[in-house]
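The sequence and structure come next.

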Amino acid sequence: MKIAIKNKVTVAVCSAFLAIGAFSCQTDLLDPQPTTIFSNLVVFDTPARISLQVNGLYAAVKNGNFYGGRYQVYGDVRADDFINRTSNSITAQLVWNHTLTETSQNDVINTWEYAYNAINQINVFLDGMDANSAKFVAPVFPADYSTTTANQYKAEARFLRALSYYALLQLYAKPYADNSGNNPGLPLRLKAEASLPGNDLARSTVAEVYAQILDDLQYAEDNLPLTYPTATAPSTRAHRNTAIALKTRVYLSMGRYSDVITTADRIVSKTAPFTATTGVQHVLSPSVTNVFPSQTTTESILSFPFTAQNTPGTQNQLGNYYLPNLPQSAGGTGEFYLNANGILANPAWAANDTRRVNWVTVYNGASYLKKYSSPTPFLDPAPVIRYAEVLLNLAEARSRVNGANDAQALALLNAVRTRSNGTAYTQATVDNILLERRIEFLGEGIRNFDIMRLNATIPGKGNISAVPPGTPRYIWPIPSTEIATNRLIVQN
Amino acid sequence: MRKILLLCLLTILVLAGHELRAQARAISGKVSGADGVGLPGVTVVVRGTSLGASTNAEGIYSLEVPASATALIYSSIGYESKTVTVGNESTINVTLAASATGLDEVVVVGYGATVSRRELTGSISTIAGTEIAQKPVQSFEQALQGRAPGVNITTPNGVLNNPPVVRIRGVNSISLSSSPLYVIDGIPAYSGDNSATNAPNNPLSNVNPNDIESIEVLKDAASAAIYGSRASNGVILVTTKKGKKGQSRVTLDSWAGWTKPVRLYDLLGAQDYMSIKNEAVRNLNANRVAAGGVGNNIEGFLPSYNPDGSLVDTRWYDYIYRTGFSTSNNVSFSGGTEKTNFYASVGYTNQKGMLENNQFKRASARLNVDHKVYKNFTIGARVAYSNSYNSAPNSGSLSGSAFSIAGLGRAPLVLPPNIAAYNPDGTPNLSGAYVGSGANVGPAPPASASSPVPPLGPTYYNPVVDLMYNDYTSESNEIQGSVYANWELLKGLNIRTSYGINNVGFEDKSFQTALGGDGFSLGGSATNYYRTNKRWNWQNTVQYDRTIAENHNISLLVGGEQQRTQIQRWGAQRTQAADNLFDSYQGNFTNIAVAGNLQTDNYLVSYFGRLTYDFAKKYLISFNARRDGYSAFAKKWGNFYGAGAGYIISEENFWKNSSLLTPISFFKFTGSYGEVGNIQGVDDYGFLRSYSSGLYASAATLAFSGAGNPDLTWESSKKTDVGLSFGLLQDKIQGDFAYYRTTIDDLILNVPLAPSRGVPFPGVTNANYIQANVGSMRNSGIELNLRYNAVQKKNFTWTISGNLTTLKNEVLVLATEGQRLGTATSGSETVNYTEKGRPIGSILAVTSLGVNPDNGQRMIAKKIKDADGKVINTIPVQYNHLGTPAGSTGWTTLDGQNVAGPTQLADGEYYNVLPKWYGGFDNTFTFKNFDLGIFIQYSGGNYIYNGTKAGLHDQRYWNNDVDILDRWTPEHTNAKWPRVVYGDNVSNGSALVMSSNVEKGDFVRLRNVSLGYSLASPVAKRLGIASARLYVQVQNAALLTKYKGIDPEISSNASGANSNTGVGVDRNSVGQARTYTVGFNIGF
């Protein structure tokens, strides 16, 4: 009996022990707090976090697969000024020789995906700003946050959305000039996407997408700050003149030349030295060698910056594409060299032209572009828009509206040309302007839309044939991944 | 004939006996085991009758026997039956010897419990440690290939310490892990490649295979449900050795081995290469002219010469493969007294693979101790420490690197043979990052007539750079162990607590030189990572075993378990070496960036119970239940259970007494059903809508990084198992048969979102999916396991065992109706599509109609569809690379009309990638002191997309397989391969997945052959040793397959998110090596 009691005690003790051991769930461990990520519930809680989110929007657009390098590369190599050296299908070879398919991962699929990721980041931000507006009150937020800063941020977001949609239109849709924009454009996503339903969305027309772009730019122009306090921000964040500058490009792409003129006039003085008179004082730099590689002069309206900690990523870097692979100090992989029969052969680009002297290097019989000159980790900013383009946009629009003898058009054209030691043109013909754009913006990704906005043939090069407008390869296919998930999408 | 007569006579006598049982008398006695202790529950039957009794708790029995009784049969589970002739005595005491048949082996079932195989209601395979010891492998599960039914293990490549792909009863998930839970001595272990570099590191290699006593594979719900939310993929329990009472033993195991590559491709030599490629350029020019262009490409594939004037004819394989030499040495001590037993071992192995620079080393030590503090209080510990080190070149064979231009799997296949690996001065032949062109120029025409013809400019790296200068290593230090205390409170009532840890530190390093290759553009790069896996696990259980009223055997387990796992990794990459002298992170580099940061934390808390009951070891039932709370879900708690029943019909007296049935000495039916879960691979914070911080140049950012899903919960696996087990002829033949069916519901799928929605997933900017429990899939099949002791003579024995498993996998529900879930190989080429109604991850390939004999163009079947998408016709179309007018696709109908090209999605057909049947077949012979083991593994019923073959016929400058010589020319129109056109990567399949590169994957592999010689014990005694065995063995001795690639198992080379849906693709990986070893095992 004594043993039985002792046993009972032992059982009780042990049961208690077990109860503590086995059944003392550490409930706090069941709700671990992540230490490296944020919950969506807290990211609009402070002005600092919202500010970080705005930076995040730029970073998304700047992704190396998009405006951080590849978009610019595609814009050049589709045309005839570059020759593919490496036959590497990862690095734009298929863009160059027009053999893209709907399953081409590194270009057709990735560009679409990264661009739309940026667009969704923007939409998520815009929706979040609206949904959390009740938080924007003192003492955490400044009193005028809702009426000023919040709108500025939204304007930056909408500027970036316009920039992103514009890029997609240039690759996946027929030009506005073809059928006045009534061809299929893009699925126009304007709301935050973060849940399961909602895959199906038809393509809006080209014109509808342009209309949205202009709407976003108008909001941006109305709400962006005139400038930024820090020295580099004016070229790395959108301000009012950035929106205006992009608008001139958009109108040009739509063939709305008189709108180009009225828009550009807001940031271009009537006479030389041409300069923006309000906001950031954009002006042509005395020499293009000041503009590149740093891209921090007031000529650069928007350029996406990089640091050693924040690189464009492997096989996205502009310098890597264009700098020769040898000697090693050159630092690139020489994916593309300059086509000897392209702009390089054009007598308008003289041997003593500053842009040729400084930016063309010959190695092993081939000429390479060294506008982006820093070797790995390739920290040259990726250019988006600069003042020289606004001037030439205006010049072209004036020339088209008023004829090749428009004095301001000629002055604008020659302002760009003569600062680089080029012989002044005598007439501001559209051809002259387009030629000058080819020289001035070589490697900046502008050539493709200069061809396509006119619905012109993409010239052939080497053994690659020309691609006339209206043929299947004139624009990129819609990615198979979109076709597979979006039942309302129509293939090009 | 005489036997039959005798049998008849015996039957008559027995029948006669029935009639004559009038005068009965009593016989009693005691039945005891070898140790003299009485055996309860022994059945005593009068031979030829149904008269019988069983022994009581002290082993005492008594029964009335008829006078005619001739003999009594004593039988008990776990003991050899004994027949004793009845004389006149009234007391018969019997001693029964423990039987050695597999039916009575003890099976580990988890949480400290064991069950005899006879009494199992679930499906558990056991692999003895002896079957995997001394194999030239790095981790024990590599040696399990083919050893157990229902367990399919494949070796995806020949890189040392790459984890094998282990699948128990099919693929049990789509986006989570399908790998089993590994539990080593009760503590869940880490598995999979934990390395951040090209040197894989499978933490399971930290277990010295020689320390393993047995491995149990829990397959069905009845056996695995005790592991609840982690049981869906099956559970592998590893039990390490312990000392035995009274047997002090020292053993020494050593082996040495030589490892070689096998089945390498036969590639073009320099001469053939140049003629094929120049022919391709010629054909391109002809095409260009025909299409209205200019045919000015240059036939620039030109010979280079060595300093001695001989033609450069490089076999790149020679620089990459070698014969690797390996050794392994293990010493173990074990022993025990009444109170204490112990097992201790130290081991060291140093293995060099067939790839240059591939080396695996492990130093391990283990101590297992059990000690009785009091009669009813036991404590013990299992502690193992291991240091493992793996170095590997950039093999291009790890998952995700199939298309790496640095990969040594790919380099020898694509590099031109007419260029040299080294310059005459001994430096690597380089042009910038890439291999130098040699004399090859063009074929692109020069920029202008006056400028020089550009060099060929191959964009592949020279592999000798990687081998000479670069380093990739992963070194880990693991401590794995537990301590326990067990108190037997009352007889049969044990309470036990066990606390274990499994901590691993990984130091991963890589260095890439600035001279060439990957490090070139970085100016040299050194990256170091440090990773810690930390886990603690605390288990508390109460186990109660009791026999009531002799025949009611009850066993009850109740317990709780908590486990926390934290994984962290940090690292940094330094680039731009100040000088080529610096080849490690500690050198001077001008730039540094963060690399590989990782932080996870999860916690699992569980309550579980197990009840088993049997009546007279005849009727068996078991019930397992577990309630798990897991931190990675918003809804934390889930319930899981499994129930099983068994009926040992051979224990029925009618069976024992039926002369027809007695040859079947054991016959058991089992059935089980249960619902278990899967959480392995669930993101720790996947339910949160998350934002991550990054950089915009030098400014910090915060960005939407994952949509999250608060409804996310366990995948639920419903397992049904129906089985039977039998033993024939005194268990000379034993077998198990099982039918299994697993339906997995609530599969967590990456529900694809339209990319235009731009939804990221943590770590994947362009993911475009959200995880949700939406899918359903079923695996079903049969398992058969047979073992036959064919010959048991004194000097000669022959044991045959074999197993067969069939598998039928069908995806039942995906995220959206009609969805095709594509999985890209290494992010580049999408071969696999998962679709409802088909096996997971099937190959989708357009149908090749061969080569058009009229023009040498590849013909593909293109489907013509009506407005509803229904196929109404199929027409052949053909591809002529750059041979059709500008703006057209290159595809034409056979009468020359331009058409849109065929596409995989519109025109493809499906091919199953999962083996429909697989298994192993083992023969063991002993003849006098010799033993011979022949182990065969087989698998088949699957298709493989041989993407390597596509690459080997690519008409860029890449080298080709010698069979490209059988290409179409005007003179040779009945050709296997199309007319070669320079730059064509469509006709061969590089750019279009086509059926000509889809092959059957059936194979039979002679996995292991070993021949041993054991010293006769008198001889051994004279030498003062207990036992000694010398052996030679060949691992991967032969492969019988029609598959054209290096190795059909390469096709399992997919991991991470692709491991379930992305298999069946062979792309540029190195195959398995063949290893010859010699070794000895000595016991003192």
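Across the interface of chain B and chain A, 29 residue pairs are in polar contact, both residues being at pLDDT 80 or more. A polar contact is a pair of N or O atoms within 3.5 Å; within protein, one must be able to donate a hydrogen and the other to accept it, and residues adjacent in sequence count only if both atoms are side-chain atoms. By class, the side of chain B that touches chain A has 46 nonpolar, 35 polar and seven charged residues. Here Ala, Val, Leu, Ile, Met, Phe, Trp, Tyr, Cys and Pro count as nonpolar, Asp, Glu, Lys and Arg as charged, and the others, Gly among them, as polar.

This is a predicted model: local features need pLDDT of at least 70, side-chain atom pairs count only at pLDDT 80 or more, and totals for chains, interfaces and linings use all residues. Residues are numbered from 1 along each chain as its sequence is written, chains are lettered from A and ligands numbered from 1 in the order in which they are written, and side-chain values use heavy atoms, without hydrogens or water.

How many residues of each chain are in contact? The count is 88 in chain B and 94 in chain A, with contact meaning heavy atoms within 4.5 Å. Together the chains bury about 7,900 Å², 60% of it on carbon and sulfur atoms. Buried area is the accessible area (1.4 Å probe) that two parts lose on being put together, summed over both. Tyr691(B), Tyr696(B) and Arg757(B) supply 11% of the area that chain B buries against chain A, more than any other three residues.

Arg757(B) also forms a salt bridge with Glu193(A), their closest N and O atoms being 2.5 Å apart. The interface holds two salt bridges, each a side-chain nitrogen of Lys or Arg within 4 Å of a carboxyl oxygen of Asp or Glu.

Strand β1 (residues 37–39) of chain A runs antiparallel to strand β33 (residues 690–696) of chain B, joined by three bridges. Ile37(A) has Ser692(B) as its bridge partner. Strands here are DSSP runs (E, at least two residues), numbered from the N terminus, and two strands pair if DSSP finds at least two bridges between them.

Now turn to chain B itself. β52 (residues 1003–1014) and β53 (residues 1027–1041) pair antiparallel over 11 bridges. Leu1006(B) stands opposite Ala1038(B). β53(B) also pairs with β55 (residues 1074–1083), antiparallel over nine bridges.

Technical notes
Helix = DSSP H or I, 4+ residues; strand = E, 2+ residues; numbered from the N terminus.
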